[in-house]
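Please read these points with the structure open beside you, and check each one against the chain as you go.

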Amino acid sequence: MFSLPTSMSIIIAPSVLAADFAHLAHDIAKVEAAGADWLHLDIMDGHFVDNISFGPAFVSTIRKLTKLPLDVHLMIARADHYAPRFIEAGADSITVHVEPEAQHDVAATLRLIRKAGVRTGITLNPATSFDVLLPHLPQVDLVLIMTVHPGFGGQAFRSEMMEKVSRARDWRAEHRRDLHIQVDGGINAETATESIAAGADVLVAGTSIFRTADYRAAIQQLRGKTSS
Ligand code: DX5
Ligand code: ZN
């Protein structure tokens, strides 16, 4: 059954990690023209995850290339220390992890982000229980259910995470109708349909958009529409 509150439409957030960095301006202009709603920016520090991506200077460069909202996903230790630099770089929303390895006071980091007028998000690894999110949900605008273990693009979607998406949907129905539920990792036309059915309204997709020739068709397919 279609489970979105009627006021919500599907938001597509292409993950820049899968873009061609040698042609960044071109890829971003192309994805914006193709109907992307937000840009998803994956920040990896080589500690919290086993990969290093890019930092605030790169975010600030992207800020100059597009008017799309910048959705920053911090896969780093000490988000409390680094969040101000991403706020300064032009982030519109910042999502932080709840695992102990992220080494921060999650509630304090969320307060810091909110105080700066930036939207807040909370997320968890596939191995982390949904219950860990519960104390923070009233303080966030977005909950991200990771559908792969964070660190790398191009991994296979984990269907078993749909149970967490449904729990988030139930929480939204009861407490906060404007909470965004985002999925990230292995999202393609098929897994997008599954995620939307479970309650997701924001779809992050790297490979299935940037590694195709026709971004517009790819985005339309994620929305469940065939492009003509
Ligand atoms: C994974 C990142 C994702 C990744 C998604 O650690 O958080 O945003 O870029 O890439 P795809 O869509 O290729 O799985
Ligand atoms: Zn991400």
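1. Helix H5 (residues 162-175) lies across strand S5 (119-124), strand S6 (142-146) and strand S7 (180-184), and runs at about 170° to S7. Helices (H or I, at least four residues) and strands (E, at least two) are DSSP runs numbered from the N terminus, while axes are lines fitted to C-alpha atoms, for helices over the stretch in contact, with angles from 0 to 180 degrees between N-to-C directions. This is a predicted model, in which local features need pLDDT of at least 70 and side-chain atom pairs count only at pLDDT 80 or more, whereas totals for chains, interfaces and linings use all residues. Residues are numbered from 1 along each chain as its sequence is written, and side-chain values use heavy atoms, with hydrogens and water left out.

2. The open sheet has eight strands in the order S1-S8-S7-S6-S5-S4-S3-S2, with parallel pairing, where two strands pair if DSSP finds at least two bridges between them. Strand S1 (11-14) and strand S2 (39-44) stand at the edges with a single partner strand each, so one side of each has no neighbour in the sheet.

3. S1 pairs with strand S8 (residues 202-205) in the parallel sense over four bridges, and Val204 in S8 is the bridge partner of Ala13.

4. Helix H1 (residues 24-33) packs against helix H8 (residues 215-222) at an angle of about 50°, with the axes 8 Å apart. H1 is therefore oblique to H8, a word for angles that are not under 35 degrees (roughly parallel), over 145 (roughly antiparallel) or 65 to 115 (roughly perpendicular). The contact (heavy atoms within 4.5 Å) involves Asp27, Lys30, Val31 and Ala33 of H1 with Tyr215, Arg216 and Ile219 of H8.

Conventions: Chains lettered and ligands numbered in written order.
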